[in-house]
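This report takes the reader through the contacts between chains, then through the packing inside one of them. Please keep the sequence and the structure at hand while reading.

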Amino acid sequence: MESQEVKLMKGNEAIAHAAIRCGADAFFGYPITPQSEIIETLAALKPWETTGMVVLQAESEVASINMVYGGAGSGKRVLTTSSSPGIALMQEGISYMAGAELPGVFVNVQRGGPGLGTIQPSQGDYFQATRGGGNGDYQVIVLAPASVQEMADFVDLAFTLAFRYRNPAMILSDGVIGQMMEKVVLPPMKPRRTEEEISKECPWAAMGRPKSRKPNIITSLELSSEVMEKRNILLQEKYAEIEAKEVRCEMHQCEDADYVIVAFGSAARIAEKSVELLREEGIKVGLFRPITLWPFPSKEIVELSKGKKGILVAEINAGQMVQDVRLAVNGTLPVEHFGRLGGIVPDPSEIMEALKSKLVNK
Amino acid sequence: MSKMRGAIVINVERCKGCMLCTVSCPRNVIALAERKVNTHGYPYVEAIRPDECTGCMNCGIVCPDGCITVYRKKVED
Amino acid sequence: MTQNDIIAPENLVYSKPELMNDTTMHYCPGCSHGEVHKLIAEIIEEMGMAEKTVGVSPVGCAVFAYRYLDIDWEEAAHGRAPAVATAIKRCWPDRLVFSYQGDGDLACIGTAETIHALNRGEHIAIIFINNAIYGMTGGQMAPTTLIGQKTSTCPYGRDPEIHGYPLNITEIAAHLQGTCYVSRQSVDTVASIMKAKKAIRKAFEASMQGLGSSLVEIVSTCNSGWKLSPVKSNEWMRENMFNVYEKGDLKDTTNIK
């Protein structure tokens, strides 16, 4: 039996290792703090010599996402990574990928904003990720890792979901998870797909047209409104299917809790400690951690909130996911927000104090 | 003595009446058909002096829509 | 000898290439796009690469190029075609990959993608249709619009004080180390069409031989934007554009005949 090797590495490094191991065909990216280790690790590992994976530093994030579009449109497993301002540049390409139904993967290791912002961590891109930062009615599948292990595991998961639904998928991480070092068991090596396997998995791909089929055309353009509406309706039906089938979330100590903290990513790791501290003071608190931010676990939160006295949404921004929680519970119980801004990462005690002042002692 | 005799077939429905073929023809074989349009509303060209055609292919080559098919046969005098 | 005696399959000397399908092309009468599309179709057929070619179409009049040539296509965002083509070729090295772009796409919004793909020496061919105007959006000024030329956004003529100078991006490309073949041609006469076809063929061959990147500019007409007939447009182009955009091979390190 193969023994599972435990390694110690940064979240960013785990993304790089996992990309190679899940059979990715190409990485295109541009340096930006706090995620440049991803491309640096890939460059150092030289996967083009082992698996044949392409690693290319592109001239910008704009070029990077369009390279992902190009590769994904030809059926290949391709990804890019960046941080908040770079992801802003990618919004055009992401919208095009959603419109053309392409299975590309991209990673956002968030930093404080807006604008050039700071290089310190934040969760300020929740809206950008879940509300579709580009033009038009679309969604990307959003996975929020909270550990280096999840950084490693979510690369293959993102590709699997992207190809299952022919839709872009993103891993929404942040500077804490990207830079921290933890133990990780890397996924086993999966070979890159052969041309035949790609043809079978992606009969729609533009990869050279054999005489036996019509040309495959990858495009998001449609000038006829009637046809375009039908295309959009199909997209909406796809999103409804994803919402029904692909929600992922986790709950800690919620069964007997009076209050629940809802948090994702690094905020959830901090909130785990806050739950401990609160319980030491005799306040029964649980933690609900969305893993998919889109599709958002609305049903699960509604179910959970029955009989609870209040929810505190702890996120490192001015109040973004809290809107989705409020929408879900629809006024049936108090929902408060706690966040730090500008790259400050809160202490567990800050979240604890916020819950006490905004909910318990109100 | 032999010479080349040509014949062109014009796809009237594909023609847009741009006239580039008419200026490329060294024998003035082609002209805009008078007062005629195709089903798309475009005037189109026709071979008005077909016997002058040598099958040089100029018209076929310059037509941006690929409307003209050219045939050529060597004829003994 | 009647016409019908001549019109027989054994006498066929020229017809539309098969790879160019029967869909009516939306281009204006006399537009250079149709001609270049036809040449590309002929070349792909002659190279036997119809089943192994992926084209990348632009934003511009030629956005619908994918409707007319029966190969696989990817439609790119405005200016991004060289990045899209880079990825396709790096992921599928045995395919023939080319991009087909207009002057706004390649030399304005896409300048960075153009320069960097060429400079990296990507094994792709970029076909550049330069008609000194933005056709699809209704005739606005392009980076290649000539001094004094009137367009809808410089209705009194391009003035270098306000609008800067026309951009000779092909000259820039010739200086990039990654390029192996840079050429400028036109398709206004039979002779120029033959030369243009040779140039595009060489660019395609060079990409398949992995010699570097290639750029073939086709100085073209836009009779709608210029408000001239197709025949007059060719004349205007000859009189005004050829001395600003000089034809010929600017760089050729390919050793391909």
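How many bridges join β9(A) to strand β3 of chain C, and in which sense do the two strands run?

## Strand pairing across the chains

The model discussed here is predicted. In it, β9(A) is joined by 2 bridges to strand β3 (residues 72–75) of chain C, and the two strands run parallel. Within this pairing, Ile218(A) has Glu74(C) in β3(C) as its bridge partner. In general terms, the strands of a sheet pair through backbone hydrogen bonds, either parallel or antiparallel.

## The contact between chains A and C

Of the 2 pairs of chains that touch, chains A and C have the most contacts between them, whereas chain A and chain B do not touch, their nearest C-alpha atoms being 19 Å apart. The contact between chains A and C draws 33 residues from chain A and 28 residues from chain C. On the side of chain A that touches chain C, at least two residues each are supplied by β2 (26–29), β3 (54–57), α4 (61–73), α6 (91–100) and β9 (217–218) of chain A.

The largest share of that side comes from α4(A), which gives 7 residues. Sorted by class, the side of chain A that touches chain C holds 17 nonpolar, 10 polar and 6 charged residues.

## Two helices of chain A

Two of the helices that supply residues to the side facing chain C, α4 and α6 of chain A, also pack against each other, at an angle of about 20° and with their axes 9 Å apart. Because this angle falls under 35 degrees, α4(A) counts as roughly parallel to α6(A). The crossing in which α4(A) passes α6(A) is right-handed.

From α4(A), the residues that take part are Ile65(A), Asn66(A), Val68(A), Tyr69(A), Ala72(A) and Gly73(A), and they meet Gly93(A), Ile94(A), Tyr96(A), Met97(A) and Ala100(A) of α6(A). By class, this contact between α4(A) and α6(A) has 8 nonpolar and 3 polar residues, with no charged residues.

## The sheet of chain A

Chain A contains an open sheet of 7 strands with mixed pairing, in the order β3-β2-β4-β5-β7-β6-β13. Its edge strands are β3 and β13 (292–294) of chain A, each of which pairs on one side only, and from one strand to the next the twist averages 20°.

At the β3 end of the order, β2(A) and β3(A) pair in the parallel sense over 4 bridges, and Phe28(A) stands opposite Leu56(A) in β3(A). Both β2 and β3 of chain A are also among the elements that each supply at least two residues to the side touching chain C.

## The two domains of chain A

The domain assignment divides chain A into domain 1 (6–195) and domain 2 (249–360), and the C-alpha centres of these two domains of chain A lie 27 Å apart. Their contact takes 25 residues from domain 1 of chain A and 20 residues from domain 2 of chain A.

On the side of domain 1 of chain A that touches domain 2 of chain A, α7 (126–130), β6 (141–143), β7 (169–174) and α9 (175–179) of chain A each supply at least two residues, and α7(A) gives the most, with 4 residues. By class, this side of domain 1 of chain A has 14 nonpolar, 9 polar and 2 charged residues. Two of the contributing elements, β6 and β7 of chain A, are also strands of the open sheet of 7 strands, where they stand next to each other in the order.

Technical notes:
Residues are numbered from 1 along each chain as its sequence is written. Chains are lettered from A and ligands numbered from 1 in the order in which they are written. This is a predicted model: local features need pLDDT of at least 70, side-chain atom pairs count only at pLDDT 80 or more; totals for chains, interfaces and linings use all residues. Two residues are in contact if their C-beta atoms, placed from the backbone, lie within 7 Å. Ala, Val, Leu, Ile, Met, Phe, Trp, Tyr, Cys and Pro count as nonpolar, Asp, Glu, Lys and Arg as charged, and the others, Gly among them, as polar. Two strands pair if DSSP finds at least two bridges between them. Axes are lines fitted to C-alpha atoms, for helices over the stretch in contact, and angles run from 0 to 180 degrees between N-to-C directions. Angles under 35 degrees count as roughly parallel, over 145 as roughly antiparallel, 65 to 115 as roughly perpendicular and the rest as oblique. A crossing is left-handed if the near helix is turned anticlockwise from the far one by less than a right angle, and right-handed if clockwise. Domain bounds come from an automatic or database domain assignment.
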